[in-house]
Amino acid sequence: MVRRRQRECVWIQCVALLCLADWSAAQIYYSVSEEVDKGTFVGYLTKDLNLNVHELESRGLRIVSGYSKSYFDVNVRTGLFYVVERIDREQLCPNTVKCSLNIQAILSNPVQLHRIEVNILDVNDNAPSFDEKLYTFNISESLSPGERYLIPIAIDADTGNNSVKSYMLSPNEHFSLDVQSGGEQSVSAELVLEKALDREKQAVIKLILTAVDGGKPPRSGTLQIVVNVIDVNDNTPTFSKPLYKVRVSENIEFGTTVIILNATDLDEGENGKIVYSFIKRGKVNPSDMFDINPDTGEITVKGNLNYEETPAYEIRVQATDQGTIPRSAHGKLLVEIMDVNDNSPEISVTSLTNPVKEDAEIETVVALITVTDADGGKNGITNCKLVGSVPFKLKYNYKNDYSLVVDGPLDRENVSQYNVTITATDEGTPPLSSTSVITVHVSDVNDNAPRFSGPVINCYVKENSPVGAVVYTMTALDPDIDENAKLTYSLVNRLSKSMSITSAVNVNSDTGEIVSLQSFNYEEVKTFQFKVQATDSGVPPLSSNVTVYVYILDENDNSPGILAPYSEHGSVNSENIPYSAEAGYFVAKIRAVDADSGYNALLSYHISEPKGTNLFRIGTSTGEIRTKRRMSDNDLKTHPLVVLVSDNGEPSLSATVSIDVVVVESTVEIKTQFRHVPVKEESFSDLHLYLLIAIASVSVIFLLSLISLIAVKCLRTEGTFNRYSPPIITTHPDGSWSCSKSTQQYDVCFSSDTLKSDVAVFPAPFPPVDAELISINEGDTFNRTQTLPNTEKVR
């Protein structure tokens with residue numbers, strides 16, 4: 001548009017110049033080829049204008065062009081008309097057959113205007129070209145040969161013979177080129193389908209279309225033709241394998257990929273888009289255990305895979321394309337489940353003998369044991385053993401069957417039940433194990449006799465206890481149980497040397513209580529013995545005996561008795577003492593006895609109700625009455641004394657005797673009380689003989705023992721003597737003395753009476769109780785001394 005406006009302006013100037021000048025014009029024609037070099041000679045203006053060279057310069061020849069560029073100029077000195085700019089015919093005259101440039105040559109003095117027409121000759125400087133570099137055809141593979149397709153034409157800026165004259169197609173087996181020439185009209189071509197297309201073999205066909213012009217040398221241009229073969233759903237999907245096999249471990253996590261199926265369809269687009277799915281066959285639905293991705297064919301785990309339940313899955317899969325009429329293919333997938341050692345052995349116990357008798361023999365079958373493991377292979381091989389030390393063992397029977405048998409002695413009394421621990425371990429990696437505890441009860445057999453706490457039982461009963469009092473309750477233990485431990489008690493020996501046992505005591509057969517059948521008198525019977533038998537209720541019954549010693553305990557039921565010469569009840573006795581008696585003068589001796597024993601027979605003497613001056617005293621243990629001081633003129637002539645004799649029982653019993661002590665001037669008048677003691681004639685009996693022999697024997701044995709003891713101690717070494725303290729002899733106020741050495745002590749008491757010497761020994765006849773007084777001579781009075789361990793008292 002800008003170039004056109006410039007040309008119009010040039011022509012307007014020329015017209016204005018012509019109007020002012022004289023009109024004189026001429027037409028000159030030249031021809032020149034395009035693309036000639038600058039300075040190329042075109043023609044001689046001096047010749048063509050009939051002018052000489054001097055006129056051209058003098059008249060000022062000018063070349064005026066209406067174009068944007070001055071393509072030509074003239075040499076006024078020579079008159080040569082030549083090219084000064086590159087000439088491009090296709091640019092100056094596009095799409096035209098003839099191309100010429102109109103130029104004005106103007107002379108002055110006078111003004112003359114000459115028209116110069118320069119015909120631009122075409123040269124083959126342009127090759128044919130297509131508007132597009134690539135042209136695409138979409139042709140269905142289902143079309144038949146003979147189909148024709150119009151192809152784009154090539155454009156050549158040159159004209160005439162230099163324009164497009166023919167087309168050529170690159171060699172191929174499917175298409176040919178039909179070129180059509182219309183004379184002066186442009187040349188066209190059509191693409192002809194010679195052979196049916198198959199997209200699956202060649203989806204894209206690339207052709208080269210070449211356009212050739214008529215220039216010399218000829219020029220050509222090319223166009224790439226791309227034939228896209230449009231797919232038709234003429235192919236069925238195909239799996240890469242007819243059978244897929246895959247192995248997965250049981251118990252793998254949900255979502256784990258099992259396999260990715262691969263099915264292909266030679267078609268494309270929707271015809272080649274494959275959708276995967278499971279095929280349900282019968283009651284087996286693969287979707288219960290697996291998921292399949294319909295787009296990718298990826299199969300993942302959905303359920304819990306358990307080798308023990310299903311060792312393998314046979315799955316039918318289907319691949320379907322998305323064509324208008326879908327095509328499908330079927331495949332087979334075999335999923336093998338690999339066993340994992342995920343099951344511990346199971347122990348099944350069948351009890352045969354429970355409880356087991358404690359006298360059961362070795363190899364006695366107690367229970368049958370079966371071990372199973374749901375795993376396979378090594379994971380299912382098990383080994384069974386007992387844990388701990390028990391008198392049982394496992395005996396292998398067959399495969400995984402065992403017997404639990406007795407392997408040692410059983411003793412219910414020591415162990416009444418056994419918790420037998422059985423461990424079963426498989427051979428998997430890592431190994432799994434399980435434990436079962438069998439409680440085996442041991443039943444009782446009557447193999448234990450009742451047992452008493454010891455072979456001898458000592459029991460004590462107070463004299464004068466009421467009839468029916470429980471003397472002792474027998475207790476025997478039987479380690480057995482139930483009927484084997486149910487005990488009954490009975491008396492074995494019913495007669496004793498001194499009495500009938502059945503009349504004295506009775507034993508309750510169920511409770512073992514020994515009940516007195518009579519009231520005992522210590523003064524008559526001090527002890528007796530019998531045997532009690534405890535028998536169980538087993539079959540056969542077992543029994544044991546125990547010797548029962550019954551000791552009668554003394555009660556203070558006897559009052560002291562005053563011996564002669566002061567035994568007359570209610571009488572007043574008198575004794576004479578001289579006025580000149582010194583302090584400590586012997587007046588009289590009161591003697592008394594107590595049928596009881598021990599503390600109950602331990603007597604003490606006291607003067608009660610003294611009248612007058614306090615002149616007399618009495619030995620509390622000896623009963624001797626003596627003066628405290630000499631007589632004085634103020635003293636009474638007659639002194640009545642009341643002597644109280646009391647035992648040491650609870651409560652204490654006592655007796656009294658009254659004595660009048662008369663003070664005389666002369667000793668001739670004194671008559672010893674003992675001279676008036678009536679002598680009681682007694683016959684010497686066999687009993688006295690036996691007593692005498694017994695007393696003599698005991699005395700001899702005692703003396704021999706004492707001598708032996710002293711001899712042994714004297715023979716010991718000095719080092720041995722150092723271990724013991726020296727003997728200590730102690731004199732007591734009442735006239736007795738004691739000898740003690742280390743842990744042994746002997747108390748010997750002698751009476752001051754001139755008629756008789758009394759010796760009393762305090763042993764310990766009853767182990768749990770105090771020592772009793774043993775009287776050698778009937779009627780003697782003794783003090784009770786408590787016996788310490790390893791101590792004897794002699795009085």
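This is a predicted model: local features need pLDDT of at least 70, side-chain atom pairs count only at pLDDT 80 or more; totals for chains, interfaces and linings use all residues.
User: Which salt bridges does Arg199 form?

Analyst: A salt bridge is a side-chain nitrogen of Lys or Arg within 4 Å of a carboxyl oxygen of Asp or Glu. Arg199 meets Glu200 in one of these, at 3.4 Å from N to O. Glu200 is buried too, because its relative accessible area is 18%. Arg199 also pairs with Glu268, with the closest N and O atoms 3.5 Å apart. That pair links distant parts of the chain, 69 residues apart: Glu268 lies in the loop between strand E18 (263-264) and strand E19 (274-279), and Arg199 in the loop between strand E12 (187-193) and strand E13 (204-213). Strands (E) are DSSP runs of at least two residues, numbered from the N terminus. At 37% relative accessible area, Glu268 is partly exposed.

User: How many salt bridges are there in the whole structure?

Analyst: A search finds 19. Another one of them joins Lys393 and Glu363, whose closest N and O atoms are 3.0 Å apart. Here too, distant parts of the chain are linked, 30 residues apart: Lys393 sits in strand E28 (residues 392-398), while Glu363 is in the loop between strand E25 (356-357) and strand E26 (365-372). Lys393 is partly exposed at 30%, and Glu363 is partly exposed at 33%. Salt bridges can also share partners, and in this way Arg199, Glu200, Asp231 and Glu268 are joined into one network.

User: What about cysteines: which ones form a disulfide?

Analyst: Look for a pair of cysteine sulfur atoms within 2.5 Å. By that rule there is one disulfide. Cys93 and Cys99 form it, with their sulfur atoms 1.9 Å apart. Both Cys93 and Cys99 are buried.

User: Why is that disulfide called right-handed?

Analyst: The torsion about the S-S bond of Cys93 and Cys99 is about 65°, so the disulfide is right-handed.

User: And is Cys459 buried or exposed?

Analyst: Cys459 is buried, because its relative accessible area is 1%. Cys384 counts as buried as well, at 16% relative accessibility.

Technical notes. Residues are numbered from 1 along each chain as its sequence is written. Side-chain values use heavy atoms; hydrogens and water are left out. Buried means under 20% relative accessible area, exposed over 50%, partly exposed in between (1.4 Å probe, protein chains only). Helices (H or I, at least four residues) and strands (E, at least two) are DSSP runs, numbered from the N terminus.
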